[in-house]
Amino acid sequence: MKLKKKIHLFSTLLMFILLVLLNVLIYFLFGKMSHNTEYEQLLGRAKELTVAISKLETEADADLVLRAFVPANGAISIVDSNDKPLKKIQSVAGLGNVNNQVKSGDSYTIDRFDGTDAFSISMPIIWPTGEVVTMNLTQLLTDVEENMRVLRYVLIGVTVFAMIPITLSSMTLGRIVTQPIEKLITAMNKSRQSGTYEKMTGVVNGNDELAQMERTFNEMMVQLEQNYRKQEQFVSNASHELKTPLTVIESYSRLLARRGLENREVVDEALNAITSETGRMKEMIEQMLDLAKSSGFQAFEFEQVDLTYLLEAAVKPLRQAYGREIIIEADGPTIVETDGKFVKQLLFILLDNARKYSDREIFTAIEDRETEVEITVRDYGKGIPQSDLPHIFDRFYRVESDRSRKTGGTGLGLSIAKEIADGLGATLSIESVVDIGTVIRVLIPKKQQRSQ
Ligand code: ADP
């Protein structure tokens, strides 16, 4: 059964059952109240009758009094202590014969007479002879039954009438709930069949959960599509980048095969080229793996770390390996909540770039701000042209491929740095002037705001 039908059916059925139960309750309460009223009235009449009979002197006068008190559509019967009838006055023929014996503990009894309820109460009285007898008063409930009949029709009418808006509203509810789900199914089916990232169509208004679901789904599809395009781009870039060193290696191998045996110079040149291209490929593959590792939040482990210590640790191997002057400006330890391993890797990428693309000293500084810490890496090298700056964090992007080739770059360093910064909740900004130098700033938050 479709969800729309289920919602419609169950909500209508539930409301119908509730209405019926409510009406049955009203009906029985009304019946009970009517019987109580009848009881009160008959009791009042019986008490007056008791007073009137107590004033009688002879049994013969009793007939007159009883006749005066007999209710319309009713009867009065007097029975002695042996259940022997003494008097029977009735305004409806035969009514005095109904079972009017009220059981002890009950206030009244109801018996059927000629298709109508006969309501009876009993009361002991002192008969003019001085004997204690039982007086039974019976009343036909014609009016009460008429009222109950009308009430029945009214309640049935109300139920039928109320079911119209209930049915309509449950249908609307079913539609409201299932419409976005149907749209979602259509979008997912379309995506599955065409292999594209289809969004849910139509304008999304409101702020309820269903509208939020639609918006989230559409946003998710946009993100998935972007990620897919990025991956596609990455794979095509990566294979293109790997193809170049492979072609170089292949052509040098052929050269070796053709002329390697007789020419020592060719062997040296080929081996040099093959070693250098293999090294480049190795570096590129390692960086690609880094990129894959840093693009997942679960990769990060946040703890209290000292940024000054991390900067020193990143600078040290560069000083040793290349003998470059790298200056650190910092006022003691700078403690933040972050992933030290990834921060060090990020700093290493920035410092290595500064080293590769400049010859003079490199300046680094740590500035402790209120909620974040700024790390600056400044070099006085070739700089980056303004037109290249917007693309500098793109994967495989290099300013001048031959210059980078000479320095052994892959164009992946800054994109890895950006990926790491995103994962750490940090921001990267770059300023550069050609032939003057480059400044890269990393803003690291002191505390992590992790969304669960
Ligand atoms: P790689 O350095 O491996 O080529 P990156 O992603 O680290 O890749 O850098 C991309 C490009 O940005 C480099 O090729 C280089 O042209 C330019 N670049 C990065 N840092 C600097 C810098 N400090 N000074 C000048 N150019 C830079």
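Strands E9 and E10 form a hairpin with three residues between them, where strands (E, at least two residues) and helices (H or I, at least four residues) are DSSP runs numbered from the N terminus. The structure is a predicted model, in which local features need pLDDT of at least 70 and side-chain atom pairs count only at pLDDT 80 or more, while totals for chains, interfaces and linings use all residues. Residues are numbered from 1 along each chain as its sequence is written, and side-chain values use heavy atoms, with hydrogens and water left out.

E7 and E9 run parallel and are joined by four bridges, with Ile326 standing opposite Ile362 in E9. E9 and E10, by contrast, run antiparallel through seven bridges, and the bridge partner of Ala365 is Thr376 in E10. Strand E10 (residues 372–379) is also joined to strand E12 (residues 437–445) by eight bridges, again antiparallel, and here Arg378 stands opposite Val439 in E12.

The 16 residues of H6 (residues 307–322) should span 22 Å at 1.5 Å a residue, and the end C-alpha atoms are 23 Å apart, which agrees; the expected span is 1.5 Å times one less than the number of residues. The buried residues of H6 are Leu307, Thr308, Leu310, Leu311, Ala314, Val315 and Leu318, buried meaning under 20% relative accessible area, exposed over 50% and partly exposed in between (1.4 Å probe, protein chains only). At the start of H6, a side-chain oxygen of Asp306 reaches to within 3.1 Å of the backbone nitrogen of Thr308, and the helix is followed by Gly323, whose phi is positive, near 60°.

The structure holds 20 salt bridges, each defined as a side-chain nitrogen of Lys or Arg within 4 Å of a carboxyl oxygen of Asp or Glu. Glu145 and Arg112 meet in one of these (3.2 Å, N to O); Glu145 lies in helix H3 (residues 142–194) and Arg112 in strand E3 (residues 109–113), so the pair ties together parts that are 33 residues apart in sequence. Lys183 forms a salt bridge with Glu214, the closest N and O atoms being 3.1 Å apart, and this pair links helix H3 to helix H4 (residues 209–259). Lys183 counts as partly exposed at 23% relative accessibility, whereas Glu214 is buried, with a relative accessible area of 7%. Finally, Glu367, Arg369, Glu374, Glu431 and Arg441 are linked in a network of salt bridges.

Key: A polar contact is a pair of N or O atoms within 3.5 Å; within protein, one must be able to donate a hydrogen and the other to accept it, and residues adjacent in sequence count only if both atoms are side-chain atoms. Two strands pair if DSSP finds at least two bridges between them.
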